[in-house]
Amino acid sequence: ILESAFFYLKILGLHTHEKLKEPMSLWEGARHKKAEEDHRREKGRITRQGGQNLSPERIMKEALEKLKSLIKEDEDVQALILSAVYNKMKNQYQYRYESIPFELFQNADDAVVELRNNLNEDMKTFVVSCTEKELTFAHRGRLINQFWIGSFDGRTLGYDRDLEKMLVLSSSDKPLENTSHNNTVTGKFGLGFKSVFLVTSIPKILSGQLGFKVLGGIFPEKIVGDEFIKLKNNLQTFFGSEKSGTIFEIPLNNGIDPNNIISEFLQFSSICLIFSKGIKSCEFHSHIENRIEHIAWEEKPLLNSNKIFVGIIPKLSENELRGSTALVIKCEHGSVLMAFDARSLKPLPKTIPTIWVTAPTRHILGLGFAVNAAFDLDIGRAQLARDSKRNQDIVIEMGQHIGQALCELADISEHKWIE
């Protein structure tokens with residue numbers, strides 16, 4: 001992570017800052033020197049004479065130690081990096097406070113799916129806890145850096161590099177091409193966790209026995225003592241004493257209202273559960289209102305159909321969908337959500353986004369239904385990527401399969417209404 005930080009800080013435009021200039025210059029000089037020596041060695045030439053000069057490796061190690069010390073101990077440097085990360089996430093990538101719960105939900109959903117055949121029903125819950133000064137999120141999916149899933153070695157998919165992907169900008173192994181793995185996981189840009197830096201300076205994470213807090217938006221420092229115990233106790237409160245999981249504790253910066261972060265997620269959480277692949281229930285702990293709520297999505301096939309499913313939309317927020325029956329048509333690439341009552345189909349409220357990739361985009365077209373698929377999105381995940389051939393292919397394939405399912409539904413309505 002520290003080695004990546006030199007490139008990362010350059011991307012953030014901080015390589016010439018007074019306090020960072022020395023380790024950055026040392027690193028760059030040593031890197032170039034090492035490249036020259038490697039080239040000479042390949043040509044069979046002597047790379048270093050007299051043994052008087054420090055080796056590039058020694059200089060790079062010195063630069064690493066200097067940078068590590070600055071990020072760990074200099075609060076001005078921490079604030080500088082955090083400010084740069086904030087500006088890039090908010091202004092360049094167009095992330096919002098409201099994005100944070102959805103990003104963590106998507107990551108949790110991916111982590112649950114990645115457990116493969118080692119998944120139990122009690123692992124399909126996502127927890128959100130809220131106080132006036134802190135938000136906490138937890139799940140029981142694959143642990144951070146856990147690469148053995150039963151007999152499956154996930155290192156080929158980068159499971160052993162989770163921590164690096166969480167902290168280094170755009171360092172993600174989640175595939176961009178249309179592979180089978182891409183159809184099972186949602187996130188693609190490695191930016192999800194970094195959205196928390198819009199509202200916090202030092203997030204704390206416990207995943208299995210891996211406990212750390214993030215300094216300066218990039219450096220993971222091991223947590224011990226009371227900090228570790230608090231996270232472990234909270235995780236046990238959510239899931240039980242014998243069960244492992246992952247918990248994110250997000251102390252909010254001054255002036256941040258937690259309701260502004262979670263209100264949109266609470267509004268759309270029921271639809272997130274319908275469209276998610278692994279997580280099928282949410283638990284909300286409000287220490288502000290002293291209440292706990294639990295919602296779950298349970299679906300069943302319509303007359304043994306393998307395409308058409310129905311279920312009661314979970315009751316949480318007060319909206320027009322509360323308690324309605326959902327009709328979900330599924331195909332290989334995604335699904336379509338509609339609602340109906342005792343008489344007929346009814347349009348979804350116009351406030352509900354039309355395009356989803358597990359979480360909502362900002363496409364609100366008022367068509368009366370919602371479409372979920374592994375669409376290519378722009379890097380801020382707010383809208384569909386422009387000129388994406390893959391999106392066109394998905395829509396064509398989905399159109400054919402959804403059309404067939406609608407024909408099947410019409411046939412059921414005509415010939416099997418009583419059933």
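Here is a short chat about aromatic rings in this predicted model.

Colleague: Happy to look at rings with you! How many aromatic pairs does a search of the whole structure find?
Modeller: Two rings pair if their centres lie within 6.5 Å. Searching the whole structure on that basis, the total of aromatic pairs is 14.

Colleague: Why does the pair of F6 and W27 count as stacked?
Modeller: Planes under 30 degrees apart count as stacked. The ring centres of F6 and W27 are 4.3 Å apart and the planes meet at 5 degrees, so this pair is stacked.

Colleague: Nice. How many residues apart are F6 and W27 in the chain?
Modeller: F6 belongs to helix 1 (residues 2-11), while W27 belongs to helix 2 (residues 21-42). Both F6 and W27 are buried. Their pair links distant parts of the chain, with a separation of 21 residues.

Colleague: And F105 with F126: which elements does that pair link?
Modeller: These two rings are edge-to-face, 5.3 Å centre to centre with 90 degrees between the planes. F105 and F126 are both buried. The pair links distant parts of the chain, namely helix 5 (residues 99-113) and strand 1 (residues 125-130).

Colleague: Last one, on charges: over which ring does the charged end of R142 sit?
Modeller: For comparison, the charged end of K330 sits over F309, 4.7 Å from the ring centre. The charged end of R142 lies 3.8 Å from the centre of its ring, and that ring belongs to Y159.

Definitions and conventions:
Residues numbered from 1 in each chain as written. Predicted model: local features only at pLDDT ≥ 70, side-chain atom pairs only at ≥ 80, totals over all residues. Heavy atoms only, no water. Phe/Tyr/Trp six-rings, centres within 6.5 Å; stacked < 30°, edge-to-face > 60°. Helix = DSSP H or I, 4+ residues; strand = E, 2+ residues; numbered from the N terminus. Buried < 20%, exposed > 50% of the residue type's maximum accessible area, 1.4 Å probe, protein only. Lys NZ or Arg CZ within 6 Å of the ring centre and 35° of its normal.
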